[in-house]
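Here are a few notes to go with the structure, for anyone opening it for the first time. Keep the view open while you read, and take the points in order.

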Amino acid sequence: MAESAVTVRGRTAANFACVPVRATPGPTDKLDTIHGSRNMALTQTRPQTHEPTSVAARGPSGILEVTDHKEVGRLFIGAGALFALAGVIVSVVAALESADLASFSVAKDADEYTQIWSMGRDLLLFGGIVPLLVGLAVYLVPLQIGSPTLVFARGAAAAFWIWLLGSGLLITSYLMNGGPGGGRRDFVILWAASLAMMIGGIVWALLAVATTILGARTQGMTLERVPLTTWSFFVFSLVGLFSLPILMAELLLAYMRLRYGHLGAPDSESLVGVLNGATIAPAAYWVGVPVLGMAADIIATHTGVAPRFHKMLMGTIGFFGILTFFPDLVGFGSVRTLDLDNGLMVVGLLVMSLPVLATLAMVGDSIRLGKLSASAPLLGALVSGLLLLAATAASVLAQVEPIMGFLDRLFPDQIDMTNTLILNGTTFHEGVRALASGAALVAVAAAVNHWGIKIWGRQPAQSAGSAAVLATAGGAALWGVAEIAAGIQDKAMYPSASSDTSGALGLWGVLAMAGTAVMAVGLVALVASIAGAGFGKRAGTGPQGWSGSTLEWATSSPPPLGNFVGPPVVGSAYPLLDGELAYANAPAGPVDQADETETEES
Amino acid sequence: MASTDMTVADVSVRGIVPPSVTLAEPARPRLLVLGTSLAIAAIAMGYIGLLGHYIAERAAVVQSGSRWLPEGVNIPLTQPNFQGLTLAFSIVTIWWAVSSIKHNDRFYTLVAYALSVVFAVAFIAQTAFLLEIMGADLVAEGVDGERTVLIYAIIGTHLVMMVAAIVYAVAMAFRTLAGEYSSRDYEGVLASAIFWTATVVLYGVMWYVVYITK
């Protein structure tokens, strides 16, 4: 009965539904077990793996008609990578100005500097990082839970176009002297409207992802068995669904106050502050939630050892998600000026790094037990986790001020508040945001390399993947540390032309600029990696890629329309590792009859 | 059949699933209800965020001994109460639609939908009238204008949600007319009723926060 992975009862792998054809080396014994000796899913002739409705086949106009979740996911990933690159490039310019505020080299004045800084932040977060994560979620979640499609797939496609239109309008508003610090009221108003549009599109896509995970799991795929990547996207989606509408409400108010003349267009600080609820810790860590899940799955695949503490990992990821939601839990009625002295918030930020640390420790168990092989995804998964840990650990520093303030109220005249480390209102928050953003982008680079073959049918180049991971991580670390150091030296978060940037502050500014520049190089490598995989020549029928143990690796690369040959039935969180995978409605055929005969005989 | 007791044979996988596999509950079919519920939660969060603004800003003004409502603005109680009454009627009719479709009674489902929409349109007209008689000036200078903007944002957002509920109901009514829903599957009708109910509940919250406490 023992068969090899590629030849079963005289048939080659290409004849069967779920027999992998590996194009790249990786741990192979697991799949051999499933498709060889256990011989479970070999019940149907393998379908053609190329999708009949691919964008390339339909031409450029066909891109408007996409409804398959895989194509929508690819669109989100491709556009998100380009916007992320644009956002980092604009951030390089902002950092260049910030390094020496005594003289402006690109911007004409402080208002124009604010516009550049704000544009970089908006584009990086809602134009780049979040859409990239949403794209991965839209693509991977149905595959990982055995669903043939994404629930509300047309809605997700509409969400993409709404987001894209909003992104275009956002850039237009900045180019036409709008946005925070802008001088033309109409285009400042357009900034608020376009940002709300972008966020609205993202919320809609997150709604589709969350509904899919809740309601479209295949048989046997209980919520506690979903892969950690899917679980992290579930937490990410829920937190986004419940927190982003609050941000939209803020933008609505800003829009109306601008529209009816109650908020001056150059009132940059209040306009910039509208997004504080998404860009300052702990909300800034929201984009770090999928980092934990993706890192766990990638490390499990590349070490060949599934996490032993699956449910505990789900718990730590969920807890981390809840902590990122704290501003919204405690923020109602605080008029969105984040109440960083709030006791609940302080406690939340103090323990923020614990779930990250616990997750990394449990994932480290796979590294300890498995075989490490150098690869871009593994490197990216490890580095992104460490960056997130650094970001969350840094937030402890910002709690010195509220804790000392609390002690001062308890023991008046015994606490010297003049020597207390005060970080709120400084570039410290910028540093934390840079580290969290870097962690998310590195995780995306790792995911693109890991699931690239599944997404585009071609394995992205390892060299480009490694370059993207290393440069993005290095740049984010340099940028983050420089901003945190400048914050400790009291550099204001919203600097003006009168801000002092001499001495050490100037040095930190230069380092921050260097960090953003290195990060931009990393994103160029990421875009090149995606372009290489997306537009390169496809070699033959779908290869499997890495021998992962979750459900997406049970189908071809890229998956056919409908994803699987039939509804999969799973019996564990890692069905390809545990051999607990079958298909519920596989039609009768020669192989089935043989199986049934064998069963009767036995 | 209890989900945990399901065996492999129950789902006709013809012996290819190992005996250790116990099947969980099959994928739940009511995806539209699920998605609608999540959407309601998201909308409610945004709306509560707006109301949070209102409560915080009002509390600060009242604490300082000033009057919260802008000068010359008056919110009568009669109109908001009748608006609430109208929406209460619509709750009955929208759930009548669900009850009718459960009994395969498409005619009365459509009648119930039509009545619900009539009530909703009446509610919108009442809101427009209330805004008219409130005498609030959106472009008034200073804090008066800012407060008016906040009140308009809260009322306007609810109106948008009401319009969305009407569109949702009309779409489901057309689907019912086309024969898509019956006693076996009335997911869309149920989802639209849930969305409608959430809209009414949010009006109740707004009624208390804005119209009653003023």
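**Notes on the model**

1. Start with chain B, which runs α-α-α-α-α along its sequence. That gives five helices and zero strands. Bear in mind throughout that this is a predicted model. Of the 214 residues in chain B, 48% are buried.

2. Next, look for the largest pocket, with a volume of about 1600 Å³. It is lined by 47 residues, and W204(A), L207(A), A39(B), I43(B) and F195(B) are the closest to its centre. Both chains take part: α5 (153-175), α6 (185-215) and α7 (228-259) of chain A and α1 (31-63), α4 (142-177) and α5 of chain B each give two or more residues to the lining. The most comes from α1(B), with ten residues. By type, the lining of this pocket has 34 nonpolar, eight polar and five charged residues.

3. Rolling a probe the size of a water molecule over the atoms shows where empty space is left. Searching the whole structure turns up eight cavities of 30 Å³ or more, and the largest cavity has a volume of about 140 Å³. Its lining counts 16 residues, with A94(A), Y113(A), W117(A), E430(A) and E483(A) nearest the centre. In chain A, α3 (69-99), α4 (110-145), α17 (428-456) and α18 (462-488) each supply at least two lining residues, and α3(A) has the largest share, four residues. The lining of the largest cavity splits into eight nonpolar, four polar and four charged residues.

4. Stay with E430(A), one of the residues nearest the centre of that cavity. Its side chain meets R433(A) in a salt bridge, 3.0 Å from N to O. Both residues sit in helix α17 of chain A, three residues apart, or about one turn of the helix. Are these two partners buried or exposed? R433(A) has a relative accessible area of 7%, so it counts as buried, and E430(A), at 4%, is buried too.

5. There are eight salt bridges over all chains. Side chains of opposite charge can pair when their charged atoms come close. E224(A) is partly exposed at 43% relative accessible area, while K311(A) is exposed at 55%.

6. Chain B has a salt bridge between R175(B) and E180(B), with closest N and O atoms 3.5 Å apart. R175(B) is partly exposed at 33%, and E180(B) is partly exposed at 43%. Elsewhere, R308(A), D365(A) and R368(A) are joined into one network by salt bridges that share partners.

7. I212(B) lies in helix α5 (residues 187-212) of chain B and is partly exposed, with 31% relative accessible area.

8. Last, a loop residue: A107(A) lies between α3 and α4 of chain A. At 4% relative accessibility, A107(A) counts as buried. Its C-alpha atom is 9.0 Å from that of V93(A), 14 residues away along the chain.

Key: Residues numbered from 1 in each chain as written. Chains lettered and ligands numbered in written order. Predicted model: local features only at pLDDT ≥ 70, side-chain atom pairs only at ≥ 80, totals over all residues. Heavy atoms only, no water. Buried < 20%, exposed > 50% of the residue type's maximum accessible area, 1.4 Å probe, protein only. 1 Å grid on protein atoms, 1.4 Å probe; cavity = no way out; pocket = protein on both sides within 12 Å on 5 of 7 lines; lining within 4 Å. Points joined across faces, edges and corners; volume = space filled by probe spheres on them. Nonpolar A, V, L, I, M, F, W, Y, C, P; charged D, E, K, R; others polar. Salt bridge = Lys/Arg side-chain N within 4 Å of Asp/Glu carboxyl O.
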